[in-house]
There are 2 protein chains.
Amino acid sequence: MSQSGVDSPAAVVDLLAVLAYGELSAFQRLAADARFAPGLADKVALSTMAVAEFGHFRLLYDRLAGLGVDPEAAMGCFLAPLDEFHELTDPADWLEGLVKAYVGDGFAADFYREIAGRLDPDTRALVRQVLDDTGHAAFVVDRVRAAIAAQPAIGGRLALWARRLVGEALGQAQRIAAERPALAGLLVGDAGAQAAERSVRDLFTLLTDRHAERMRALGLAD
Amino acid sequence: MSQSGVDSPAAVVDLLAVLAYGELSAFQRLAADARFAPGLADKVALSTMAVAEFGHFRLLYDRLAGLGVDPEAAMGCFLAPLDEFHELTDPADWLEGLVKAYVGDGFAADFYREIAGRLDPDTRALVRQVLDDTGHAAFVVDRVRAAIAAQPAIGGRLALWARRLVGEALGQAQRIAAERPALAGLLVGDAGAQAAERSVRDLFTLLTDRHAERMRALGLAD
């Protein structure tokens with residue numbers, strides 16, 4: 001099922017499994033963060049997004065099962081890094097939760113979408129489907145911009161928070177890459193050390209650019 | 001739209017609204033309690049139930065909107081009693097969370113199902129649909145019985161916990177009845193004081209009997 005020579009069944013299973021547990025975590029986090037909502041309409045909006053993430057989890061879970069893999073066993077090795085990321089970046093309030101949903105999930109989505117481009121068409125289509133924006137973007141941008149307009153000092157705190165989120169995400173990503181060579185193989189390819197270095201460098205340039213775009217959309221200095 | 005002479009548009013809106021906020025609260029509580037799950041399979045099972053509750057919330061929300069009512073305004077007066085109930089009965093661990101989902105939701109479902117019997121057929125059908133067991137019962141009974149079999153002393157603690165849940169639920173129900181006369185009117189009807197007293201007594205006998213059945217199913221002494 002390889003298109004480019006760099007994917008393998010192990011890499012596909014790893015990618016679907018890390019995404020699945022990521023979606024399950026996102027579901028639980030958004031549902032929990034809904035307690036910070038300043039009103040009922042915002043609570044309903046965040047809960048609706050949480051439920052959409054669970055739908056994505058279910059698609060990935062079913063695909064893993066369809067590949068003849070035990071989905072829970074496949075997700076097992078990703079529990080520690082993802083749980084640790086969420087423990088280290090537990091939002092203190094409504095706005096921190098919103099920025100995490102937008103900046104953190106956006107960063108992860110860009111990363112997974114790029115990797116999926118190196119996989120077979122079926123996997124690629126599924127990954128792109130589950131990474132579709134579930135309404136986070138417009139909702140968060142609207143709420144955060146309004147909060148900063150009302151109280152400009154909030155912007156500095158949220159910009160620092162966004163930087164911390166990306167730092168912690170990169171730390172856990174390095175840990176996962178070190179522990180799962182098949183998954184890391186998707187990133188660097190098999191075209192030799194120089195090409196691998198360029199491939200990783202290009203990816204990080206792209207991720208950084210997109211992150212800067214999101215920060216500007218929020219009205220935050222990167 | 002009255003079948004029995006005791007319902008009114010205000011009572012129907014109140015009932016749909018208190019149920020809607022109850023389902024939204026159940027969604028958030030189950031999603032949060034999933035963090036206590038001893039393993040990934042249990043976490044997925046509880047999250048799946050949470051999402052089913054959100055589906056019920058959405059049905060009730062849409063029905064309220066369909067009646068020309070602002071769903072958020074209608075739910076407004078039920079936030080304090082329901083939030084307080086959940087704050088007063090925050091589970092300390094996985095088993096307390098499961099018993100709360102089964103005993104507390106079961107008690108509430110019996111109550112609402114009886115009240116809905118006094119309403120127009122459309123409302124009655126919707127209420128019964130959203131109160132359908134979403135898999136709580138079999139899942140919880142299985143997990144709690146296994147835990148008590150492994151460590152019988154747990155039974156005493158959980159029996160006390162269940163008694164507290166019912167006590168707090170009745171306290172909040174009295175508060176709601178006092179604040180929402182139209183809703184309380186569904187309970188007592190309009191057939192005179194003696195008939196009203198009999199109606200309330202019969203309802204509480206039924207609720208108590210059903211609660212005792214659930215306690216026996218869990219292997220707990222009432």
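Over all chains the count comes to 22 salt bridges, taking a salt bridge to be a side-chain nitrogen of Lys or Arg within 4 Å of a carboxyl oxygen of Asp or Glu. One that I would like to show you pairs B:Glu84 with B:Arg175, where the closest N and O atoms are 3.1 Å apart. This pair links distant parts of the chain, since B:Glu84 sits in helix α4 (residues 79-88) of chain B and B:Arg175 in helix α8 (residues 154-179) of chain B, 91 residues apart; helices here are DSSP runs of H or I with at least four residues, numbered from the N terminus.

Before going on, please keep in mind that this is a predicted model, in which local features need pLDDT of at least 70 and side-chain atom pairs count only at pLDDT 80 or more, while totals for chains, interfaces and linings use all residues. Residues are numbered from 1 along each chain as its sequence is written, chains are lettered from A in the order in which they are written, and side-chain values use heavy atoms, with hydrogens and water left out.

Now to the interface. How many salt bridges are there between chain B and chain A? The count there is zero, although six residue pairs are in polar contact across that interface, both residues at pLDDT 80 or more; a polar contact is a pair of N or O atoms within 3.5 Å, and within protein one must be able to donate a hydrogen and the other to accept it, with residues adjacent in sequence counting only if both atoms are side-chain atoms. On the side of chain B that touches chain A, α1 (9-33), α2 (40-66) and α3 (71-75) of chain B each supply at least two residues, and α2(B) gives the most, with 11 residues.

Chain B and chain A bury about 1,800 Å² between them, 71% of it on carbon and sulfur atoms, where buried area is the accessible area (1.4 Å probe) that two parts lose on being put together, summed over both. B:Gln28, B:Leu40 and B:Val44 supply 29% of the area that chain B buries against chain A, more than any other three residues.

Finally, the aromatic rings: a search of the whole structure finds 11 aromatic pairs over all chains. The rings of A:Phe54 and A:Phe57 have centres 5.4 Å apart and planes at 40°, so this pair is tilted; rings of Phe, Tyr and Trp (its six-membered ring) pair if their centres lie within 6.5 Å, and planes under 30 degrees apart count as stacked, over 60 as edge-to-face and the rest as tilted.
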